[in-house]
Amino acid sequence: MMKTYTVAKAASKGIVMGKAFVAVQEDLTADSRSIKDSEREMEWLKFQKAVKDAVEDLRVLAKDSDIFAAHLDVAEDTVLHDSVELKINSENKNAQLALEETVAEIVTMFESLDDEYLRERAADIKDVGKRIMCGLKGIKSNPFEGINEDVIVVAEDLAPSDTANMDFRYIKGFITEAGGVTSHVSIMARSMEIPAFVGVADFRKNVTNEDYIILDAVGKEIIVNPDEETKEVYRKKAAEYKAMKAEFESMNNLPATTTDGRTVELFANVGSIVDVENAVTRGAEGIGLFRSEFLYMENTKFPTEQEQYDAYKKAIETMKHPVIIRTLDIGGDKELSYYKFDEEENPFLGWRAIRISLDLKDVFKTQLRAILRASAYGDIRIMYPMIISVDEFMAANAILQECKEELRRDNIPFNDSIQTGVMIETPAAVLCAEDLAKVVDFFSIGTNDLTQYLLAVDRGNQKIARLYNSFHPAVLRAIRTVIQAGHKYDKLVGMCGEFASDEKAVPILLGMGLNEFSMAASEIASTRYQIRHLNYEHCQALADEICKKSTIAEVREMLEK
Amino acid sequence: MVSKKVVVTNKTGLHARPASNLVAFCKNYNSKIFLSNGEKKVSAASIIHVLTLGVKTGTELEVIAEGEDEAKAVEEVVKFIEALED
C-alpha cells in the first residue's frame, strides 16, 4: 500500500526513486561461548573458511591498492593463524573469540613498538580482523557490496567509511535517522549531488528491502510503495527539476550581480582535492573554506609538511583564484585515530581548533609552513577557526611570522603578504568584531557553530533541533554586527556556513552587505540565479526591517511577503 | 642450520613493500627461514613478525635457515635483502 511521509528539511536536494536498501548495523563483538573438545575441528574449519574468503576479496582489492595489499599479507600471516589455532585447540575458545583475542594481542604488540610507522600498522591488523570476523559471523564486510539496481539507502547513520564503499551508479539517495544538515552524510550528499534526508527519526521501521521508495528532496516527501501513476508523476517532477537546474547553470558563467549592479563573490566550501575540481566545474570563483581536516583525518599520522604542501599547491593550481585555507579544526566531534584526546565533559566548549594549534605548536608550524610554501603559487589565504580574542589571532600570527623567517632564511619562496583572517563563530568574536577588524585581513562568518554557540543549542541533538535556527534574531543581528564591523575597517566579510546558500537567507545577507558567499559547490548555480534576480536596494531595506523583528516567527512572516 | 649476516641498506628498511616482498620470497624454499636482529629471532614467513623486528636501514640482520635447501636459501635471501630498493 502506498504511504507518504513528510520530512521537514532536505539535506541535499533532488528527486530520485529506487528499491529500499535498509543498511543493518552489525555487531562485531565475539561470541564468548567456550567450546567442547569435539567442536575444535569445526571451529578451526570455520576460521579457515573465513580467512579464505577474506583473502579472495583482498586479492581483488590489492590489485590497485597498497593498503589492501598490506591487508592481504596480514590475512595470510602464519602468526595470526597459529595463534587462533592454539586458542581453539588448547584453550577451547570459539573461532570468534580466538580471533578477537589474537587481533588484540598483535595490535598491542605493534602499538608498543618504538616506531611510528609500525604503530600505525596496528590499524591494518584491526581492519583485517574485522573482515575475518564478518566472515565468521556470516555478514558482508561491505554491506553495500553487490548492489546492482537503483536503490535508496535507509540507515541509522552513515560514516565516511560507509560512503567510501558505495557504488553511486546504483545508490541514488539516502535516508538516515541520525545526523543534522551539517553532519558528514549531509555534506557528502551535497557535494556528490545525491538527494538525501537526514535526521528522519525511526524511519527504518517503515521499510524493508522489498519496498520501493520515491525520495523527493525538493517537495520534502518520502513515498513508500507508490503506484504506477504516482511514479509517473514523480518521473515528470524529476525531469522538471533537472530542467530548472539546467536553467540555473546556463547563467553560471556570469558574475553574481544584482539587478541594480551590486556584485558579490560566490565561493565554494571544500573538503578534498576532488571537491576543488568539482568547485571549478560548478562555477566557484574561489574557495571560501578549505577544510584542511581531511588531510589529518584520512591519515594514520599527522600529515607531513610535504604532504600538506602538495595538497595546498594542487588546490591553488586547480582553482587559480583565492583559496582560503582554514587551519586544523579538530576536537568537538572530529577526532584523529592516531592522537588521543582526553575525554571532555563539553567537547564543543573544549580543546579544539585554534586552541589545539596554539598548544601543539610543532603540528601548527608544519601546517603553516606548508601553506606558506604553497602561497608562492597563487592567492592562498589563511583563516584561523574558533577565535575568541585578538590575543589568539596575534599569537597565531606570531607563529606564522616565525615560519616566514625560517623559510626566508632557507631561501624558500612564499607570499610575504599572505592574508590572514578569522572565522567568526563564537559570541566573543562577534562582540569583539571591531577590535578584530582592525588587525585581520578578512572575516568569514561560520554560521553553523555561531548559531550553536549563540543559542546554546547543540546542533547534533535531535531533541532540541527545532531550537537550532539561524533565523533567530540574535543570530541575524550578530551577523549584521560582524559585517558592519568589518566594513568600518574596510575588511571584506564572507560567510562559509550553510546559511550562505539558504534561499531565504540570501536576500538578508546580501542586504546586510555580505561580500562573499561560500557554500557547497552544488548550491552555487541556484544562488547565482537568485542573486541575479534580486535588487540590492530592496534587500538593504529588507535587512533593516528584519533586524528589528523580535521573534523567529516575525522574521519568517516578513520573509514570506 | 646455516646462517649469514647482512646489513639492510635500502632507504625504508624492512617496511611495507620490502617486508612483504621478502616474506613472499622466503616462501620459495622448503627450509624454515628466520631473521634475527641480535635481540629477537622471528620467522621470515610472517609479515607480522618481520614488521615487529622494526628493521631500519643500517640494521645488521642474521638470516638463518633450517632444512633441506638451507644453504641455498640463506645465500639467496641475503642477496635478496642486499638488492632491496626504496
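Trainee: In this predicted model, how many residue pairs does the rule find in polar contact across the interface of chain A and chain B, and what makes a pair count?

Mentor: A pair needs N or O atoms within 3.5 Å, one able to donate a hydrogen and the other to accept it. Four residue pairs, both residues at pLDDT 80 or more, pass the rule across this interface, so they are called polar contacts.

Trainee: Which helices of chain A supply at least two residues each of the side that touches chain B?

Mentor: They are H2 (66-75), H3 (78-91), H4 (95-111) and H5 (116-136) of chain A. H2(A) gives the largest share, four residues. By class, this side of chain A has 11 nonpolar, five charged and one polar.

Trainee: Why are S1(A) and S7(A) called paired strands?

Mentor: Pairing takes at least two bridges. Strand S1 (residues 3-6) and strand S7 (residues 221-224) of chain A have four, so they qualify, and they run antiparallel. Tyr5(A) has Ile222(A) as its bridge partner.

Trainee: What makes S6(A) and S7(A) a pair?

Mentor: Strand S6 (residues 212-216) of chain A also joins S7(A) by four bridges, in the antiparallel sense; at least two are needed, so the strands pair. Asp216(A) stands opposite Glu221(A). The two strands form a hairpin with four residues between them, and Lys220(A) in the turn has a positive phi of about 65°.

Notes: Residues are numbered from 1 along each chain as its sequence is written. Chains are lettered from A and ligands numbered from 1 in the order in which they are written. This is a predicted model: local features need pLDDT of at least 70, side-chain atom pairs count only at pLDDT 80 or more; totals for chains, interfaces and linings use all residues. Side-chain values use heavy atoms; hydrogens and water are left out. A polar contact is a pair of N or O atoms within 3.5 Å; within protein, one must be able to donate a hydrogen and the other to accept it, and residues adjacent in sequence count only if both atoms are side-chain atoms. Ala, Val, Leu, Ile, Met, Phe, Trp, Tyr, Cys and Pro count as nonpolar, Asp, Glu, Lys and Arg as charged, and the others, Gly among them, as polar.
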